[in-house]
Amino acid sequence: MDWPAVAAAATIGVAPTMPIAVTLANRVVACSAAARAVGVRRGLRRREAQARCPELHVVAADPARDARHFERVTAAVDELVPRAEVLRPGLSVLPVRGAARYFGSEQAAAEKLVDAVAAAGTECQVGIADQLPTAVFAARPGRIVEPGQDAVFLSGLSIRQLAAEPSLAPADRENLTDLLWRMGIRTVGQFAELPRGDVASRFGADAVTAHRIACGEPGRPPSGRDAEDELDAVMNCDPPIDRVDAAAFAGRSLASVLHRSLLAAGVGCTRLAIHAETTNGQELERVWRCAEPLTEDATADRVRWQLDGWLNRRHQQDRPCAPISVLRLRPVEVVSAEALQLPLWGGLGEEDRLRARRALVRVQGLLGPDAVKVPILSGGRSPIERITFIPLGDEPVPAANPDQPWPGQLPEPSPTVLLDDPVEVLDVDGNPVRVTARGLFTADPVRLEAPGCTGRLSWWAGPWPVDERWWDAAAEARSGRAARAQVLVGSGATARALLLCYRQRRWYLEGAYE
Amino acid sequence: MSGKASAKVGGGRRAVAAETGLPIDHDSLLPMPESLAELLPGSLPRGTVAVVSGARSLEVSLVAAVTAEGGHVAIVGRPDLGLLAAVEMGADLSRIAVVAHPGADPVEVAAVLMDGMDLVVLGLGGRSVPASRARALVARARQRGCTLLVADGDWQGASTRLEARVSGYEIAGGRDGVPTPGCGRISRVRLAMRARGRSVRPVRAVGG
């Protein structure tokens, strides 16, 4: 109940033990325990709350803030017991049976949960009961209700409690509890004693729900499993697929099934999982992520590419050991349909763009998904690193952020030819020139020996050392100390300007200016 | 950007006809880099095939000019083209697509791409295209209004041939304007360009 106050305290940077009130439309909707102790109550006007507690911190309500802060708690609970369901920020439920068995008892599981949430920086209370609403009521005093004792526990509670929890009661539940209170029914137990038929005929449908809660009757338990994947498209392949052309047909029909269901749901798919099972039970899955919602053709292409990839892996042992018998397309991430509605008249140049894209997609169909690439600007120091190539249709994510400063970047102009050939740089005695740890040449370079452009250097500049990614042992080829230099091979009209790179004790021809 | 048209080099009888021919309709011309547009007016109408040779800056600057004007460009079979240089010349990368390794038949890939692109740069890798095949593609290019820029190979019956050669480098930061080893950096590449073709006056130009 106090979660908005806790989240507000974390945001404004005061301890949750201080008096805090969260207000919405000038009324207090939540307050901390310290505020409650001096008489601040929910529903109080802000002015009056401040009068009762002059040092009160008043914060405006913000459901997004509550949810944001609660995510931390949910994550901590998930670490311990997976698949918690969040009723509202500040209140989550989970099936306790598995956890109790694992930790030894319900008491032990509750202690573990309290510890885990405390480690996440918040206090919590745990209630355990047979039914979900009862457990929510039990969490306030932090009780563990014995099996079968739900009704007994509830009977002592005030009737007003039935309306207190917004995630269990509709907004007009208070009218019901008010009415019952005025009729002299003061506890939940008294309400539960009324016959169900009388409650239904006098107070309506919501009263029946409240009555079921009061009696501790089973409602909808927390499910504790993944949501039903109703958008999945599944195909049982008979005969099983072992050739790419058969896979292409299967992909096409499966894509149309998937897109019918997506259309019916009014969504577009931006992440698609392609899942295949072989006849001897091997399972393969790959998620395709796209920048734009997939069209039916794009889906069919991706299914074909993926099956092509699986069936024709380079090494025999990596390939699936049996033909594919079940094919499933699962939309992992969907967006609402307006994201993929094409504008009626098209934006400026929109038709050109689509025309260009269609041509590129056709080439992609001819040569494979990785054949057509789109360049985007990336971060880095060498000219090669500063362009990232993304296969057409994938999300354009640069390998590194181009907006960072990247000190040591080569100045304009960049070489128009990018190469990566080992070359020899020699000094006046014909000995190889190296770059020292201090970033200097061991001797002045005089001669370059490379296939196709051997000659005297008429000018050189550098070396410009960089020391990149020395912390990353995995990226061995690109990490460590390197130095770049510009040289002019030959002189006069036949001169060629080249960009050289020294890395791993070798010189490489990195680019040519021409 | 200094340049001047100078002595008559190359070309032939046809070039004379172009000089006295129809005025050039600017909508039908491919956007050109400034250095080229001033020096070689009307050298690249849309829907033609041009062969480029020599320095790579020519291709890169054409790619930059076309994309900067909102055109779409595909680069086929040129894996070593420095696109960062194109960006520095003003290219819009989102309008560029690269087919670095077009497989056994790059011409076929280029033919497909002509449907949607304004400019296709095709690297032939030293191959030459037989005349019969070339004719079919020239017709397709004219019909689609897509300019095909053939590099690193020969194309029989190309309407324009562009050649660029590095004529010198400007080196910034030398002492007294004289390049000194160990000082400065390359600041500009000077090109000498030459165009030959049916619709072009034979000109030689110098640009940077």
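Colleague: Which residue in S5(A) is the bridge partner of Val86(A)?
Modeller: Ser92(A). This is a predicted model, where local features need pLDDT of at least 70, side-chain atom pairs count only at pLDDT 80 or more, and totals for chains, interfaces and linings use all residues. Residues are numbered from 1 along each chain as its sequence is written, with chains lettered from A and ligands numbered from 1 in the order in which they are written.

Colleague: And how many bridges do S4(A) and S5(A) share?
Modeller: Three, in the antiparallel sense, between S4(A) at residues 85-88 and S5(A) at residues 91-93. Strands are DSSP runs of E with at least two residues, helices are H or I runs of at least four, both numbered from the N terminus. Two strands pair if DSSP finds at least two bridges between them.

Colleague: Which residue has a positive phi in that hairpin?
Modeller: Gly90(A), with phi near 105°; the hairpin has two residues between the strands.

Colleague: New topic: what's the strand order in the open sheet of three strands?
Modeller: S2-S1-S3 in chain A, with mixed pairing. S2(A) (27-31) and S3(A) (57-60) are at the edges with a single partner strand each, so one side of each lacks a neighbour in the sheet.

Colleague: How do S1(A) and S2(A) run?
Modeller: Antiparallel, joined by four bridges. Thr23(A), for instance, has Val28(A) in S2(A) as its bridge partner.

Colleague: Which helix packs on the sheet?
Modeller: H1(A), residues 3-12, which touches S1, S2 and S3 of chain A and makes about 105° with the direction of S1(A). Contact here is C-beta atoms, placed from the backbone, within 7 Å. Axes are lines fitted to C-alpha atoms, for helices over the stretch in contact, and angles run from 0 to 180 degrees between N-to-C directions.

Colleague: At what angle do H1(A) and H4(A) cross?
Modeller: Roughly 85°, with the axes coming within 9 Å; H4(A) covers residues 63-80. That makes the two helices, H1(A) and H4(A), roughly perpendicular (65 to 115 degrees). The contact includes Trp3(A) and Ala7(A) from H1(A), and His69(A) and Phe70(A) from H4(A).

Colleague: Last one: how many residues does each chain put into the contact between A and B?
Modeller: Chain A gives 44 and chain B 41. H15(A) supplies the largest share of chain A's side, 10 residues.

Technical notes:
Contact = placed C-beta atoms within 7 Å. Parallel < 35°, antiparallel > 145°, perpendicular 65-115°, else oblique.
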